[in-house]
Amino acid sequence: SNDGIVISVINTTATILDSDGNMLKFRTLSGIVAGQLGTLDRFYDPKVTYDPINDRFILVFLEGSNSSDTRIVVGFTETKDPTGIWNFYALDGRPLGGTTWSDYPIIAQNGTDLYITVNLLRDNESWQEGFVQSFIWQVNKEDGYQGNTLRQNLFYDIAYGGKPVWSICPVQPALDFNQNNMYFLSVRPDASSNDTLFLHEITNSSTNGNAEHKLTVLQSDTKYGVPP
């Protein structure tokens, strides 16, 4: 961060350090939430990012691995000090209902919004056999920093040729961090040989009210196989 603070997350814990590596705070993921979301007993897959525009940190992790309890936990620091107050929220891991749950979170951000992509899986099946579809969540960052109700959008039923497109990876902007749109890339992760690439775009911010998902199909002159 601007003050040289580093956050490292792994499995079930978060460590906050200064730029010399001195520990400022060490917490479990359930501990840092501090009872804001009720019982957390199966938490994993943490991701953390720093917002250079607002000088804040954002933490995302999963709770639960079946349809009886599946939540995407999102936390925002109220100030630039991550050892202080965090505001936590829980996105529904099965927003379309059914015996499904959310797995494999990938996150990125632009000037206004946090983006979270997840894969929706069926209970008690492998990630390959049980895959249903992928979602893109769009969440307003300022709401999170202020502790307000989150303005958010959910983009789903993302498919090409009747088949769902999955493991969607957001491409975080660099030079033009204040752009209103967001790009994503994905491939066919279960194809032994394929030349199709997918370029996704969320066209506007969560506050605009007109954000849409657009899918462009690209073709490579070199085929790819199953990613390792």
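Biologist: Which conventions apply to the model before any feature is read?

Modeller: The model is predicted, with local features needing pLDDT of at least 70 and side-chain atom pairs counting only at pLDDT 80 or more, while totals for chains, interfaces and linings use all residues. Residues are numbered from 1 along each chain as its sequence is written, and side-chain values use heavy atoms, with hydrogens and water left out.

Biologist: How many aromatic pairs are there, and what describes such a pair?

Modeller: A pair of aromatic rings is described by the distance of the centres and the angle of the planes. Rings of Phe, Tyr and Trp (its six-membered ring) pair if their centres lie within 6.5 Å, and planes under 30 degrees apart count as stacked, over 60 as edge-to-face and the rest as tilted. By this rule the count is nine aromatic pairs. In the pair of Phe-76 and Tyr-89, which is edge-to-face, the centres are 6.0 Å apart and the planes stand at 75°. Phe-76 lies in strand S6 (residues 69-77) and Tyr-89 in strand S7 (residues 86-92), so this pair ties together parts that are 13 residues apart in sequence. Strands here are DSSP runs (E, at least two residues), numbered from the N terminus.

Biologist: Are Phe-76 and Tyr-89 buried or exposed?

Modeller: Buried means under 20% relative accessible area, exposed over 50%, and partly exposed in between (1.4 Å probe, protein chains only). Phe-76 is buried at a relative accessible area of 0%, and Tyr-89 is buried at 15%. A second pair, Trp-127 with Trp-166, is tilted, at 5.8 Å centre to centre and 45° between the planes. This pair links distant parts of the chain, 39 residues apart, with Trp-127 in the loop between strand S9 (113-122) and strand S10 (131-140) and Trp-166 in the loop between strand S13 (163-164) and strand S14 (169-171). Trp-127 counts as partly exposed at 45% relative accessibility, whereas Trp-166 counts as buried at 7%.

Biologist: Which residues do ring pairs link into a cluster, and which charged end sits over the ring of Tyr-145?

Modeller: The cluster consists of Phe-76, Tyr-89 and Tyr-145, linked by ring pairs. A charge sits over a ring if NZ of Lys or CZ of Arg is within 6 Å of the ring centre and within 35 degrees of the ring normal. The charged end of Arg-56 sits over the ring of Tyr-145, 6.0 Å from its centre, and that of Arg-42 sits over the ring of Tyr-44, at 4.3 Å.

Biologist: How does strand S6 pair with S5 and with S7?

Modeller: Two strands pair if DSSP finds at least two bridges between them. S5 and S6 pair in the antiparallel sense over seven bridges and form a hairpin with two residues between them. S6 and S7 also pair in the antiparallel sense over seven bridges, with Val-73 standing opposite Ala-90 in S7. S6 is mostly covered, since eight of its nine residues are buried.

Biologist: Which residues touch the most other members of the largest nonpolar core?

Modeller: A nonpolar core is a set of buried Ala, Val, Leu, Ile, Met, Phe, Trp, Tyr and Cys residues joined through side-chain atoms within 4.5 Å. The largest has 23 residues, of which Val-60, Ile-72, Val-74, Phe-76, Leu-114 and Ile-116 touch the most other members. S9 gives the most to this core, with five residues.

Key:
Helix = DSSP H or I, 4+ residues; strand = E, 2+ residues; numbered from the N terminus.
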